[in-house]
Amino acid sequence: MRKEIESKIDEAQEAYERWRSVSLDDRIEYLKKVKEKLLLNKERYGAVMTQDMFKPLGQAIAEVEKCATLIEYYIQEGKAILQGRHIQTNWSETYIVHDPMGVILGVMPWNFPFWQVFRFAIPTLLAGNTVLLKHASNVPFSAKALESCFAIEGFEQVYFNLTVPGKEVEEIISHAAVKGVSLTGSEPAGSAVAQKAGSLIKPVLLELGGSNAFIVTKEVDLDEIIPVAVNARFQNTGQSCIAAKRFLVHESLKEEFTRRLAKEAKKFKQGDLMNLDTRIGLMAREDLAMELETLLKESVALGARVVCGGKRDKNWFEPTVVTDVTPNMPVFIQETFGPLAVVVGFDTIEEAIALSNDSHFGLGVSIFGKDLEQMKKYVHLFDDGAVFINEMVISDPRVPFGGSKFSGIGREMSAEGLLAFVNKKTVVIK
């Protein structure tokens, strides 16, 4: 292992030995200072994200503000979640305490350069651990900005940035001081990290891909649904694991839904990313745009029809709507990580549920309809980690986030996220 990496891990371990003894009240004060610094610099941090991965500035600033809402959630709820729990037994006293584990490694992606890091780092730090962060290589300025954001005058340095290639992650996991790892990223990366952590009996939290279904039943009002569908697919230029990627629409509405979705998609134009009115950006890297283009071309060769878009210029990918898609096509099978919407028709709700579950992912699903009680009965039939009824799938600090199947292991945010890297210790007194 390189000396500079080992030195950084040693620093994180030494900091942990002190940070673990800092009172919960003082850790909360630290979070307050991070939040204050975050909001004070939100325009600057937003511009850094725009520079790194071509996110429109308005969306980048909104991402910073969302990070602040997550911090506020843990400021308000963290103490109650972490407090010990007494259990009635035949001993004089029995209770559970939540102790920190040590140095936790976070391996984070580029698509939400701040949000992904904050939702891992904030609960991990509040629990009393220290954080090692290996960020995506294509967002170096975001990585530096984050390190400065977590450096709070008057407090222990508890967040450490590692500028290393991905191939060194497994060796970092092997270090005795690293007690757990959280990764948000691709399936291959998740598999490699899980294998390494598992071989060392270290806890791992994985948030991987998604191919979320967006189910439109025959009772819905398209005037209400189309704006939601547009946001669900094209937010963050479609580069979101929880974006709606497969629109499953009742046959009676499919043609009209497709026409109207395409009409809205055509309104997205390339613009100045620093203009707050720009609604869509470039894809983060040209190779990613090329991969999406390949999935589209292969699907068209199998009979899919492009209703609008479909053209690529370097890492600009036209917002695209594709129909006549079947489950054997790449745009249905693979995660379309970009501004490409797939529309598939169905006749019965049983068929829609089967199509939704026909994926090796299981992150989230949205279902829209008028009969609320009936839709509640469908919840247990979906394989996903989240079911949103009459709402697009979103991530919110108040509710657990994570998926099933190849979408990952474990849950972030809410109480589950705060307890992901703690030692749940049983104490018995005779």
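Guide: The following dialogue takes several terms in turn and sets each against its definition. The model is a predicted one.

Visitor: What makes a set of residues a nonpolar core here, and which residues have the most contacts inside the largest one?

Guide: The residues must be buried and of nonpolar kinds, and they must be joined through side-chain atoms within 4.5 Å. The largest such core has 55 residues. Those with the most contacts inside it are Tyr30, Leu38, Tyr74, Phe114, Phe118 and Phe150. Two or more residues each come from α2 (24-40), α3 (42-53), α4 (57-82), α5 (115-126), β4 (130-134), α6 (140-150) and β17 (386-389). The most is given by α4, with eleven residues.

Visitor: What does Leu38 contact, leaving aside its neighbours within four places in sequence?

Guide: Contact requires heavy atoms within 4.5 Å. With those neighbours left aside, Leu38 is in contact with Tyr45, Val64, Cys67, Ala68, Ile71, Phe114, Phe118 and Cys149. Apart from this core lies another, of 34 residues, including Val139, Ala289, Leu340 and Phe382.

Visitor: Why is Glu293 called buried?

Guide: Buried means under 20% relative accessible area. Glu293 has a relative accessible area of 16%, so the residue is called buried. Glu293 belongs to helix α11 (residues 286-301). Not counting residues up to four places away in sequence, Glu293 touches Arg312 and Phe317.

Visitor: How do you know that β4 is covered on both faces?

Guide: In a regular strand the side chains alternate between the two faces of the sheet. On one side of β4 are Thr130, Leu132 and Lys134, on the other Val131 and Leu133, and all are buried. In total, five of the five residues of β4 are buried.

Visitor: How do you know that β4 pairs with β3 and with β5?

Guide: Two strands pair if there are at least two bridges between them. Strand β3 (residues 103-107) is joined to β4 by five bridges, and the two run parallel. Here Leu105 stands opposite Leu132. Between β4 and strand β5 (residues 159-162) there are four bridges, again in the parallel sense. Lys134 has Leu162 in β5 as its bridge partner. Both counts therefore meet the requirement of at least two bridges.

Visitor: Which crossovers that involve β4 are called right-handed?

Guide: From β3 the chain passes through α5 to β4, and this β-α-β crossover is right-handed. The β-α-β unit made by β4, α6 and β5 is right-handed as well. The term is used because, with the strands pointing away from the viewer, the path from the first strand over the helix to the second runs clockwise.

Visitor: What is the strand order in the open sheet of seven strands?

Guide: The order is β10-β13-β14-β9-β8-β16-β17, and the pairing is mixed. Its edge strands, β10 (305-308) and β17, each pair on one side only. From one strand to the next the twist averages 25°. Helix α10 (residues 251-265) lies across β8 (212-216), β9 (244-250), β10, β13 and β14, at about 140° to β9.

Visitor: Why is the ring pair of Phe214 and Phe247 called tilted?

Guide: Rings pair if their centres lie within 6.5 Å; planes under 30 degrees apart count as stacked, over 60 as edge-to-face and the rest as tilted. The centres of these two rings are 5.0 Å apart and the planes stand at 50°, so the pair is tilted. Phe214 in strand β8 and Phe247 in strand β9 are 33 residues apart, and both are buried. The whole structure contains twelve aromatic pairs. Elsewhere, ring pairs link Tyr45, Phe114, Phe118, Phe150 and Tyr159 into a cluster.

Key
Residues are numbered from 1 along each chain as its sequence is written. This is a predicted model: local features need pLDDT of at least 70, side-chain atom pairs count only at pLDDT 80 or more; totals for chains, interfaces and linings use all residues. Side-chain values use heavy atoms; hydrogens and water are left out. Buried means under 20% relative accessible area, exposed over 50%, partly exposed in between (1.4 Å probe, protein chains only). Axes are lines fitted to C-alpha atoms, for helices over the stretch in contact, and angles run from 0 to 180 degrees between N-to-C directions. Rings of Phe, Tyr and Trp (its six-membered ring) pair if their centres lie within 6.5 Å; planes under 30 degrees apart count as stacked, over 60 as edge-to-face and the rest as tilted.
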